[in-house]
Amino acid sequence: MANFGFAIAQRRAIKGLTLKDVGGMIGVSDSYLSLIERGLMPPPADAKLEALGEVLGYKPEEIYVLAGRLPHEYRRYVQQNTRKVLTSLKRMRKREANCR
């Protein structure tokens, strides 16, 4: 959570944007955004997360990875195909272990 906030704060500063600028662009208060940047609040919900990523120049998949979660279309796929996904993950872990 703190790494997400730190990365967002850095990118915002590089772009020369204030908390108020970014908050206004994505529809959240500057104080809420400050809490996120300081790691006191988790990354926002999907719609706000995607808007934040767009404002700061992240690709959609980058902002989700930074937030530590899957984009909603992947979450839905995992929920609908849990057994298949778990089997694939087990195979991947086994291959990784064999490569070491």
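The questions and answers below concern a predicted model.

Reader: How many salt bridges does the structure hold?
Author: Side chains of opposite charge can pair when their charged atoms come close. Here a pair counts when a side-chain nitrogen of Lys or Arg is within 4 Å of a carboxyl oxygen of Asp or Glu. On that basis, the count of salt bridges is three.

Reader: Which residue forms a salt bridge with Glu37?
Author: Glu37 lies in helix H3 (residues 30–37), and its partner is in helix H1 (residues 2–14), so the pair ties together parts that are 25 residues apart in sequence. The closest N and O atoms are 2.7 Å apart. The partner of Glu37 is Arg12.

Reader: Is Glu37 buried or exposed?
Author: Buried means under 20% relative accessible area. Glu37 has a relative accessible area of 11%. Glu37 is therefore buried.

Reader: And Arg12, buried or exposed?
Author: The cut-off is again under 20% for buried. The relative accessibility of Arg12 is 14%. So Arg12 counts as buried.

Reader: What is the N to O distance in the salt bridge of Asp46 and Arg69?
Author: The side chains of Asp46 and Arg69 meet in a salt bridge. Asp46 lies in helix H4 (residues 46–56) and Arg69 in the loop between helix H5 (60–67) and helix H6 (72–80), so this pair ties together parts that are 23 residues apart in sequence. From N to O, the distance is 3.2 Å.

Reader: Which residues are joined with Asp46 into one network?
Author: Asp46 also meets Arg75 in a salt bridge, at 2.4 Å from N to O. That pair links distant parts of the chain, with Asp46 in helix H4 and Arg75 in helix H6, 29 residues apart. Salt bridges that share partners make the network, and the residues joined with Asp46 are Arg69 and Arg75.

Reader: How do Asp46, Arg69 and Arg75 count by accessibility, and what is the value for Arg75?
Author: Asp46 counts as buried, at 17% relative accessibility. Arg69 counts as partly exposed, at 25%. Arg75 is partly exposed too, and its relative accessible area is 29%.

Reader: Which residues of helix H2 are exposed?
Author: Start with the buried ones in H2 (residues 19–26): Val22, Gly23 and Ile26. They cover an arc of only 100 degrees around the axis, which puts them on the same side of H2. On the other side, the exposed residues are Lys20 and Gly24.

Reader: Which residue follows H2, and what is its phi?
Author: The residue after H2 is Gly27. Its phi is positive. The value is near 80 degrees.

Reader: Within what arc do the buried residues of H5 fall?
Author: In H5, the buried residues are Ile63, Tyr64 and Ala67. They line one face of the helix, because seen down the axis of H5 they fall within an arc of 100 degrees.

Reader: Why would residues along a helix point the same way?
Author: An α-helix has 3.6 residues a turn. So residues that point the same way are three or four places apart.

Reader: Which residue follows H5?
Author: Its phi is positive, near 75 degrees. The residue is Gly68.

Reader: Is Pro60 buried or exposed?
Author: Pro60 is found in helix H5. Exposed means over 50% relative accessible area. At 54% relative accessibility, Pro60 therefore counts as exposed.

Reader: What separates the C-alpha atoms of Pro60 and Pro71?
Author: Along the chain, Pro60 and Pro71 are eleven residues apart.

Reader: How far apart in space are Val55 and Pro44?
Author: Val55 lies in helix H4, and is partly exposed at 21% relative accessible area. Val55 and Pro44 are eleven residues apart in sequence. From C-alpha to C-alpha, they are 14 Å apart.

Reader: Which residue lies over the face of Tyr58?
Author: The distance from the ring centre is 3.8 Å. The residue over the face of Tyr58 is Arg11.

Reader: Which residues make the nonpolar surface patch of about 270 Å²?
Author: One of them lies in helix H7 (residues 82–99), namely Leu86. Leu86 is partly exposed, with a relative accessible area of 46%. The patch is made by Leu86, Leu89 and Met92.

Technical notes
Residues numbered from 1 in each chain as written. Predicted model: local features only at pLDDT ≥ 70, side-chain atom pairs only at ≥ 80, totals over all residues. Heavy atoms only, no water. Lys NZ or Arg CZ within 6 Å of the ring centre and 35° of its normal. Patch = residues over 30% accessible without salt bridge, like charges linked within 9 Å, V, L, I, M, F, W, Y side chains within 5 Å. Areas by Shrake-Rupley, 256 points an atom, 1.4 Å probe, with all protein chains shown as cover. Helix = DSSP H or I, 4+ residues; strand = E, 2+ residues; numbered from the N terminus. Buried < 20%, exposed > 50% of the residue type's maximum accessible area, 1.4 Å probe, protein only. Arc of directions from axis to C-beta.
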